[in-house]
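Please look over the sequence and the model shown here before reading on. The briefing that follows takes up a few topics, one after another.

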Amino acid sequence: MKPRSRRVTVNAAATLFCVVWIFPVYWMVNTAFKPYGDILRPTPRFIPVPLSLGNFADALGKPFFGDYLRNSLIATGAAVVGGAILALLAAVALTRFRFFGRRAFLIAVLAVQMIPSPALVIPIFLSLKSANLLNTLLGLSLTYIGFVLPFTIWTLRGFLHGVPVELEEAAMVDGAGRVTVIRRILLPLVAPGIIASSVFAFITAWNDYLFAYVEMKDQSHYTLPVWLVSFSTSTGTDYGGLIAASTLFALPVILFFLVIQRRLVEGMTSGAVKD
Amino acid sequence: MVWTKRRTLDFTKGQMSSFRPTEFRPRFPYALEATVHQRSTLGIRKLPLLAGVLALAAVGVSGCGGSSGSSTPAAAKRSSTLSVWYMDGDLSSQDQAAIGAAFTAATGAKVNVQIQEWANINTKLSTALAQNDPPDVVEIGNTDVPLFAATGALADLTPEKPALEQGQSWLPGLSGPATVSGHLYAAPLFAGDRAVIYNKKLWAKAGITSVPTSYAELTADLDKIKTANPSPDFSAFYFPGQYWYGALQFVWDAGGQLATESGSTWSGALASPAAQQGLATWKTFQNTYSTAASRNVDTKSPDQAALFAQGKAATILDTSLNTVLKDNPALKGEIGTFPFPGRAAGTSQPVFLGGSDLAIAAKSPNQALAEQYLKAATSIAVQTADIVGVDGWTPVSTQLITRTSSTLSETSKAFAQAASRSVATPATPGWATIESDASINQFFAAIATGTQSPQQAAQSFDSHLDQALNATP
Amino acid sequence: MTQTAPDRAPAALDEPRAAARRPRRRRLRDRATPYVLLAPATVVLGLVLGYPLVRLLVISMQDYGLRALFTGVTPWTGFSNYAQIFTGGQFGGVLLRTLLFCAALVGGTLLIGLLVALMLGAAGKRMRTAVTICLICAWAVPTTAATLVWQWLFEPGYGVINWMLTKLTVFGDLTQHDWFASSFSAFAVIWLLVVWQSVPFVALTLRAGLSQIPSSYYETAAISGAGAWTSFRIVTLQFLRPILLLVTILSVVWDFNVFNQIWILTQGGPDGGTTTLGIWSFTRAFSSESFGQGAAIAVVSVAMLLVLTAYYVRRLVRAGEQW
């Protein structure tokens with residue numbers, strides 16, 4: 001096939017792909033802007049005319065929304081930042097040193113990634129109860145950090161394998177301490193890996209409903225996913241509010257993605273390769 | 001593996017390059033590190049501290065937001081504030097405030113209300129009631145009460161029963177599930193049930209002039225509506241195949257039961273002749289008057305209130321008009337209600353009594369206060385003025401129903417009427433399993449779609465009932 | 001690779017005595033260093049996953065229900081939970097469904113992901129950005145929101161998909177068609193949902209991997225007379241192998257444990273037709289409130305996954321040994 005016609009075919013295929021792939025997201029946003037009675041119609045309306053912000057008003061007017069938002073941001077931020085730091089330190093330990101228990105730790109970290117999370121609800125509840133961390137954002141953040149660590153450690157380990165040890169050695173020969181080495185040399189080099197795993201951490205913490213619901217007692221301690229399920233009550237489901245809330249809920253994640261998109265693609269290749 | 005080594009610097013340049021240390025230029029010149037080194041001789045020791053601080057700095061703020069839970073591990077102390085958990089959507093905040101006001105007037109103590117969501121509520125309640133500082137009073141759906149009552153989570157209220165009942169006879173659908181082995185573990189809060197909601201205009205257009213009072217009249221009326229509206233996506237009576245709350249009414253009306261108890265063993269009774277007759281009647285009813293697309297769905301997807309509001313269904317069976325009116329406010333005044341008529345003339349089908357009870361956590365340190373709260377909620381004054389008056393729910397006793405029937409709006413009367421003939425679901429912890437694993441939905445859907453005959457479906461569901469209802473929690 | 005200790009004392013500012021002391025202290029510090037670095041992560045992992053995992057194993061061998069939760073009395077039952085699972089008659093069907101569905105998901109995601117990655121490589125810059133944005137939007141939408149939208153798209157009577165397919169007139173009138181009436185079509189719809197959200201990760205990872213392959217190899221292949229398929233097989237697949245392996249393993253682990261989408265769309269129905277190990281574990285734990293059995297099923301799940309990914313785990317651990 002000649003290059004030009006090939007390019008045209010590929011572009012046509014890509015356009016078709018885009019239309020198909022974005023359709024559900026488009027449908028979500030489209031529905032969110034429809035007036036309440038218009039949401040379920042036998043003949044679907046593809047453009048939300050008349051445009052209505054009623055659903056969004058419903059969604060944002062829910063009690064405790066501000067608290068939910070604040071708690072979600074804190075817990076998710078802690079998961080992302082705390083997870084990255086702890087995982088980096090652990091990955092440095094796993095790749096730069098030989099010590100007893102290293103292999104066992106690695107296998108354990110891999111194995112725990114395979115446990116289905118609903119199975120962990122009661123065990124984690126019991127664990128946090130013993131540690132007196134129930135109904136605290138600290139306990140919830142630690143839960144999320146714990147969920148996120150295995151994947152992050154694994155990814156960063158892959159990245160660190162790709163950083164030549166000679167760099168650190170040269171730095172230490174020149175007098176840098178280990179902390180400096182980590183901060184000044186390793187950190188910039190594994191940044192794409194950290195960004196890649198932080199996206200995973202963001203999504204894991206942001207979307208969790210079950211653990212936040214079970215660990216917290218007071219309404220003011222809940223997170224945003226509780227807000228999402230609050231649209232389905234015993235008297236019926238507020239579909240308009242629900243879909244508007246879902247759109248708003250997805251927004252920070254999409255924005256986060258778009259911002260780090262370029263570095264993410266970079267991050268995917270390097271860490272993934274080393275095995 | 002030369003190839004592997006060559007990939008080591010990919011992340012910096014996005015392409016392969018050969019590896020040579022001197023080619024790589026770090027961001028910060030090493031010279032700077034020399035001065036830093038002085039300060040960082042203790043770097044290793046600082047590390048765990050540093051790591052710990054960094055990791056927790058992000059959540060440090062959380063200390064302000066959430067430390068109330070880290071009270072002493074021993075049993076919580078008595079307090080003058082009662083913590084009460086209500087479910088979202090059941091009682092309006094006005095109602096909750098009214099109960100709180102009555103309670104405060106009687107005891108002087110305050111109330112701290114927290115609203116919980118229905119999704120995964122049993123897990124939530126299980127974990128909450130297992131803690132040493134549980135909520136004092138919890139609202140539990142009446143069918144879930146046996147689960148917690150039989151496992152030691154709730155306080156035994158038997159001695160208080162006379163004081164709580166205040167001379168009334170509670171509806172069996174509410175107090176039955178709360179009574180395990182003769183002991184009372186919860187007090188009824190409110191009841192909800194189902195009645196037929198119909199679109200007056202569509203019915204009038206089909207030539208029907210009066211509300212049906214027997215099953216035969218109902219089917220005759222629906223036939224007229226069906227003939228007047230032959231479109232395949234129109235339902236004379238929209239009845240989703242998974243709508244087991246409604247389908248059970250047919251079983252009960254025919255004299256059948258879900259399960260029978262002999263001694264302390266439950267056995268599924270859907271294969272009995274009476275139940276089978278009810279199931280067969282239901283299947284015919286569902287297949288005839290509801291669209292083909294409705295056979296395998298539940299009431300939410302698609303939303304039956306929305307269907308009714310848009311005129312795609314002339315009749316539905318539901319617990320209240322609120323959702324319909326929210327979907328289409330223009331229908332106000334054009335909707336009527338009546339209890340689902342039974343086979344025998346002048347009777348209505350026995351309804352599934354929904355609703356909630358209020359229970360006290362066994363580990364709560366404020367037992368006496370909590371009992372006062374329950375008393376306030378079940379009192380005649382509160383029930384009449386708020387449960388019925390403000391929210392329009394059905395009150396908890398037959399006397400109250402009779403007393404308040406005259407105050408009800410035209411459309412609310414049918415719900416109260418229907419409640420007079422109600423059936424309780426098996427008062428055993430295992431019932432919660434049946435409701436939450438969706439097996440009962442699939443049982444009815446299989447019959448409606450014709451995948452299984454009522455006999456076949458009943459046999460396999462009965463064995464599931466046998467196993468689940470008798471399981472010790 | 002062990003850490004090298006510098007042979008000479010660091011730069012001028014240190015006193016000779018301190019310098020003489022340092023090597024001994026450093027060696028002790030160095031031996032402790034890995035443990036110190038590992039400590040915070042270990043503490044959190046221990047609290048959130050380690051102790052709970054042990055608890056999970058213990059619970060799976062107890063008759064642990066609500067009564068145990070409230071009263072603390074936990075009767076020991078040994079392996080009877082496991083025995084009940086394996087002999088209950090459901091296990092075979094559930095396992096088969098889980099394996100087949102997982103295989104379908106992994107296969108579909110990888111195939112489509114690879115095709116998208118190739119397409120990204122061949123497309124112009126603007127198309128590439130557009131496709132990436134679409135992929136990322138799909139990946140970023142929270143699962144529960146996506147599942148709700150899926151429910152609406154495929155709803156009988158109101159679903160847009162039904163409406164559009166009917167407009168095509170090829171399939172007849174599908175407006176009332178219920179996709180969830182049969183377990184096969186229910187699985188198909190769930191498959192679409194999961195693949196829709198999993199392909200972005202796979203596509204972007206493979207794309208990055210493809211970008212590593214120097215074009216000189218393709219040129220050489222072309223000169224040697226290799227066709228498109230042969231050069232794909234010899235060059236592309238060879239270079240992609242490690243990434244493909246990684247992505248496959250991750251997909252297997254994640255797709256094996258798919259839960260939310262299935263539960264929200266079908267609750268394991270119709271008639272148990274879409275009940276996988278994850279759904280089964282959940283219903284036994286949270287519907288029947290027999291956490292012991294739910295835990296046993298979860299343990300069996302993890303064991304299965306370890307078996308499935310054993311090959312890669314071994315390679316991974318051995319690769320670390322090179323250092």
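At what angle do helix α22 and helix α23 of chain B pack, and how many Å apart are their axes? In this predicted model, local features need pLDDT of at least 70 and side-chain atom pairs count only at pLDDT 80 or more, while totals for chains, interfaces and linings use all residues. Residues are numbered from 1 along each chain as its sequence is written, and chains are lettered from A and ligands numbered from 1 in the order in which they are written.

**Chain B: a helix pair and the chain as a whole**
- Helix α22 (residues 439-449) and helix α23 (residues 454-469) of chain B pack at an angle of about 170°, and their axes lie 9 Å apart (axes are lines fitted to C-alpha atoms, for helices over the stretch in contact, and angles run from 0 to 180 degrees between N-to-C directions).
- That angle makes α22(B) roughly antiparallel to α23(B), a term used for angles over 145 degrees.
- The contact is made by B:Ser439, B:Phe443, B:Ala446 and B:Ile447 on the α22(B) side and by B:Pro454, B:Ala457, B:Phe461 and B:His464 on the α23(B) side, where two residues are in contact if their C-beta atoms, placed from the backbone, lie within 7 Å.
- Chain B has 23 helices and 14 strands, which are DSSP runs numbered from the N terminus (helices H or I, at least four residues; strands E, at least two).
- Of the 473 residues of chain B, 53% count as buried, that is, 20 or more other C-beta atoms, placed from the backbone, lie within 10 Å of the residue's own.

**Chain C: two helices**
- Helix α10 (residues 228-256) of chain C has 29 residues, yet its end C-alpha atoms are only 34 Å apart, short of the 42 Å that a straight helix would reach at 1.5 Å a residue.
- A kink of about 55° lies in α10(C) at C:Arg241, shortly before the proline C:Pro242 (the bend at a residue is the angle between axes fitted to the seven residues ending there and the seven starting there).
- Helix α6 (residues 143-153) of chain C is mostly covered, with nine of its 11 residues buried, among them C:Trp150 and C:Trp152.

**Where chain A touches chain C**
- The contact takes 76 residues from chain A and 88 residues from chain C.
- On the side of chain A that touches chain C, α11(A) gives the most, with 14 residues.

Note on methods. Parallel < 35°, antiparallel > 145°, perpendicular 65-115°, else oblique. Buried ≥ 20, exposed ≤ 12 C-beta atoms within 10 Å, placed from the backbone. Expected span 1.5 Å × (residues − 1).
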